[in-house]
Each structure stands twice: as C-alpha cells, then as structure tokens.
Amino acid sequence: MAAEASAPLAVPSRIRIERTTASPEVDPALAEAYQALQAGDLSAAEGHYRSLLVRDRRNRDALLGLAAIAVKRGESDAARRFYRQALALNPRDPLATAGLAALEAPASDPVALESRLKILLAGQPEAAALHFALGNLYATQSRWNEAQQAYFQAFKLEPANADYAYNLAVSLDHLKETALAGQYYRRALALAAAGPAAFDSSQVEARLRELGESGR
C-alpha cells in the first residue's frame, strides 16, 4: 500500500513526563502529580504541580508537568510559557527543548531549529527527547529517511516509549518498509497497552490490517 496511507504521526508535543531520579526521596506531591497525570486526571495533577511551585518556583518537574497538562488541553501559549521557564533554569534541558520545538516547529525557522537541536544533541547524544524532536521536524518536511534515523535513535534510547515506536513505524511506512513498519506498529500497540501514548490504537490496528491485505 502506498506510503500516503500510513497512520498520522503521534502528536509530537506530548513529551513523556517522568518522576525525577536526582534525589533518593521523591516528594509526595510530585509522586501524586505524576500518578494523576498518568491516570488522565489533569485537574488533580495540576493542583499537585502548582503546590510544588508554591514551595519552589524553580522546580523543573512541576514546570514540565504543567507544560504537559497545557499541551493536553490545547493551551499552547501556556505550555510555551512553562517550557521557557524550565529553559531559563537550564537552557540545555532536553525535555523542555523538545517540548518547545514541537510547539513552535510549524511556525519557526526550520533551519535554525534543526541547527539548535543538533547542537544540543552533540552535547547530549543520550537525550531521546531531542532525537524525537528532530525526527518530528524532519517529518514535517517529509524528510522520511532522516526522520526514520532520528526516531530509531529515540526508540533505541527509550525502548519502552510507545510514541517513539509508533513514529518510527510511521516513518518506515512512508519509506514503504512495510514489514518493519508492521513490526514497530505492533510494538507500539503493546507498549500503549501498558502505559500512556499519544496515538489512536484503533488507527494502528486498522493500518496493520491494511498492511496484511497488501501481502507484506
């Protein structure tokens, strides 16, 4: 089947939020915020994250969590504000950079954005979120070979991330590598069954049926 029939990319601005491992003891409010966010209770998660910011205006986890909530609600301006606050604390923060890149990619200078992501990756080659952001930028330009390579690096670094597996499958689908695409679509579905994902599983299942009908 033609690549144009492949499933749409996962929403690139949904950056995975994790509890920090920098401290041996996790703040109870942070743990509750994370659990509420994973459960889809955005109001409860927001309350916990904001309580953290009241105590510490420089709390990275709270800023990234509030940015993620704003993205889920379609509040792009608020999400940008929280990502920029995180970047003010650390201009090289990979999650904040990737999140902001996802929000600004359609309107920003793609050459400048690509350059910035590559510079950050040179210093942080293990930052999966930056590879994913670069892949999303390439995808918006239909540069599928480069997108596939970037998505593969992101997935290699975080093999439990359903969205990384899914977008890798989409890039392979566009390259007409249907056997590999099907493999990663199935992997994405398995991961999505065990954790959060930005894509529609029913669309992936439908695409797998189409690939089966094409005799891959």
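Phe-199 counts as buried, at 9% relative accessibility. Buried here means under 20% relative accessible area, exposed over 50%, and partly exposed in between (1.4 Å probe, protein chains only). The model is predicted: local features need pLDDT of at least 70, side-chain atom pairs count only at pLDDT 80 or more, and totals for chains, interfaces and linings use all residues. Residues are numbered from 1 along each chain as its sequence is written, and side-chain values use heavy atoms, with hydrogens and water left out.

**Aromatic pairs**

Rings of Phe, Tyr and Trp (its six-membered ring) pair if their centres lie within 6.5 Å; planes under 30 degrees apart count as stacked, over 60 as edge-to-face and the rest as tilted. The count comes to five aromatic pairs. In one of them, the ring centres of Phe-132 and Tyr-151 are 5.7 Å apart and the planes stand at 50°, so this pair is tilted. Phe-132 sits in helix α7 and Tyr-151 in helix α8 (residues 144-157), so the pair ties together parts that are 19 residues apart in sequence. Helices are DSSP runs (H or I, at least four residues), numbered from the N terminus. Both Phe-132 and Tyr-151 are buried.

Tyr-166 and Phe-199 form a stacked pair, 4.5 Å centre to centre with 15° between the planes. This pair links distant parts of the chain: Tyr-166 is in helix α9 (residues 162-174), and Phe-199 is in the loop between α10 (178-194) and α11 (201-213), 33 residues apart. Tyr-166 is buried, with a relative accessible area of 1%. One aromatic cluster is formed by Phe-132, Tyr-151 and Tyr-164.

**Helix α6**

Helix α6 (residues 110-123) has 14 residues and should span 20 Å at 1.5 Å a residue; its end C-alpha atoms are 20 Å apart, which agrees. The expected span is 1.5 Å times one less than the number of residues. Which residues of α6 are buried? They are Leu-113, Glu-114, Leu-117, Leu-120 and Leu-121. They cover an arc of only 130° around the axis, which puts them on the same side of α6. The arc is that of the directions from the helix axis to the C-beta atoms. On the other side of α6, Val-111, Ile-119 and Ala-122 are exposed. The buried residues of α6 pack against α5 (94-104) and α7 (128-140), where contact means heavy atoms within 4.5 Å. At the start of α6, a side-chain oxygen of Asp-109 comes to within 3.0 Å of the backbone nitrogen of Val-111.

**Salt bridges**

A salt bridge is a side-chain nitrogen of Lys or Arg within 4 Å of a carboxyl oxygen of Asp or Glu. The structure holds ten. Among them are these:

| Pair | N to O distance |
|---|---|
| Arg-50 and Glu-46 | 3.0 Å |
| Arg-143 and Glu-114 | 3.1 Å |
| Arg-143 and Glu-146 | 2.8 Å |

Arg-50 and Glu-46 both lie in helix α2 (residues 42-55), four residues apart, about one turn of the helix. Arg-50 is partly exposed at 40% relative accessible area, whereas Glu-46 counts as buried at 19%.

Arg-143, in the loop between α7 and α8, and Glu-114, in helix α6, are 29 residues apart. Arg-143 is partly exposed at 24%; Glu-114 is buried at 12%. Glu-146 is partly exposed, with a relative accessible area of 30%. Glu-114, Lys-118, Arg-143 and Glu-146 are linked in a network of salt bridges.

Note on methods: Helix = DSSP H or I, 4+ residues; strand = E, 2+ residues; numbered from the N terminus. Polar contact = N/O pair within 3.5 Å; in protein donor to acceptor, adjacent residues only side chain to side chain.
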